[in-house]
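Let's take a walk through a protein model together.

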Amino acid sequence: MTCLECKNVLTYIDHKSAMATLGVELCARHKALIDKLTKKYGTPKEAIQLYYGLKKAGANPTLAWWDGKKSIDIAISRVKLNIEIDTEYLMITEDRAIEHLEETMHSFKNGFTTIRIPHDLVTYYFNETVSNILGIIEGLKTNIRLI
Ligand SMILES: [Zn+2]
């Protein structure tokens, strides 16, 4: 077991603590950095899991990307794709839903595509979620080339 960031071998305690809270293999130092980030921006742990999954798949993601107004859970800047993890989708109000739609509209106007992924998908359909996002990235790349 090694840290996903620095490849240092993890101690049993480090592994256990990172897996229990974030669900990814990180050393104490990198776990602390991620903890700081998630506290500051409210990034859900599923975003961190998905980030490392996309990174492993070679997608060049950015975690907690600041777009000038707010933090985007994961951004793929090469194709201007923003990925938000929805943790509240089961009890979403109309107000929140219209807010989301407006955010999507604004980012679209600025050339960004926003997709919202329910956190349960990351938990229960991890590989499918990663491969669908890779497909979206491929599609966006093709469209960029066409323009
Ligand atoms: Zn590390």
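The paragraphs below go from confidence and domains to the core, and then to some individual helices and residues.

This is a predicted model, in which local features need a pLDDT of at least 70 and side-chain atom pairs count only at pLDDT 80 or more, while totals for chains, interfaces and linings use all residues. Residues are numbered from 1 along each chain, as its sequence is written. The pLDDT is the predictor's confidence in each residue, on a scale from 0 to 100. For the protein chain the average is 93, and 99% of the residues score at least 70. Confidence is highest in α3, at 97, and lowest in helix α4 (residues 94–109), at a mean of 90. Helices (H or I, at least four residues) and strands (E, at least two) are DSSP runs, numbered from the N terminus.

Next, the domains. The protein chain is split into domain 1 (1–41) and domain 2 (43–146), with bounds that come from an automatic or database domain assignment. Their C-alpha centres lie 22 Å apart. The contact between them takes 8 residues from domain 1 and 8 residues from domain 2, where two residues are in contact if their C-beta atoms, placed from the backbone, lie within 7 Å. On the side of domain 1 that touches domain 2, there are 6 nonpolar residues, 2 polar ones and no charged ones. Here Ala, Val, Leu, Ile, Met, Phe, Trp, Tyr, Cys and Pro count as nonpolar, Asp, Glu, Lys and Arg as charged, and the others, Gly among them, as polar.

What lies between the two domains? The largest nonpolar core has 25 residues, of which Leu26, Ala47, Ile48, Leu50, Tyr51 and Ile74 touch the most other members. Such a core is a set of buried Ala, Val, Leu, Ile, Met, Phe, Trp, Tyr and Cys residues joined through C-beta atoms within 7 Å. A residue is buried if 20 or more other C-beta atoms lie within 10 Å of its own, exposed if 12 or fewer, and partly exposed in between, with C-beta atoms placed from the backbone. The elements giving two or more residues to this core are α3 (45–56), β2 (71–76), β3 (81–86) and α6 (126–146), and α3 gives the most, with 6 residues. Because domain 1 (1–41) and domain 2 (43–146) both give residues to this core, it lies between them.

Helix α3 deserves a visit of its own. In α3, 9 of the 12 residues are buried, so the helix is largely enclosed by the rest of the structure. The buried ones are Glu46, Ala47, Ile48, Gln49, Leu50, Tyr51, Tyr52, Gly53 and Leu54, and they pack against α2 (28–41), β1, β2, β3, α5 (119–124) and α6. Leaving aside neighbours within four places in sequence, Ile48 is in contact with Leu22, Val24, Ile34, Thr38, Thr43 and Leu63. From its first C-alpha to its last, α3 reaches 17 Å, close to the 16 Å expected at 1.5 Å a residue; that expected span is 1.5 Å times one less than the number of residues. Just after α3, Gly58 takes a positive phi of about 85 degrees.

Now turn to α4. How many of its 16 residues are buried? The number is 0, so α4 lies largely in the open. Its end C-alpha atoms are 22 Å apart, which agrees with the 22 Å that its 16 residues should span. Gly111, which follows α4, has a positive phi near 90 degrees.

Lys7, at about 65 degrees, lies in the segment before α1 (12–21) and is exposed, with 8 other C-beta atoms within 10 Å. Ala64, at about 50 degrees, sits in strand β1 (residues 62–66) and counts as partly exposed, with 19 C-beta neighbours inside 10 Å.

Glu84 lies in strand β3 and counts as buried, with 21 C-beta neighbours inside 10 Å. Not counting residues up to four places away in sequence, Glu84 touches Ile72, Asp73, Thr114 and Arg116. Leu140, found in helix α6, counts as partly exposed, with 16 C-beta neighbours inside 10 Å.
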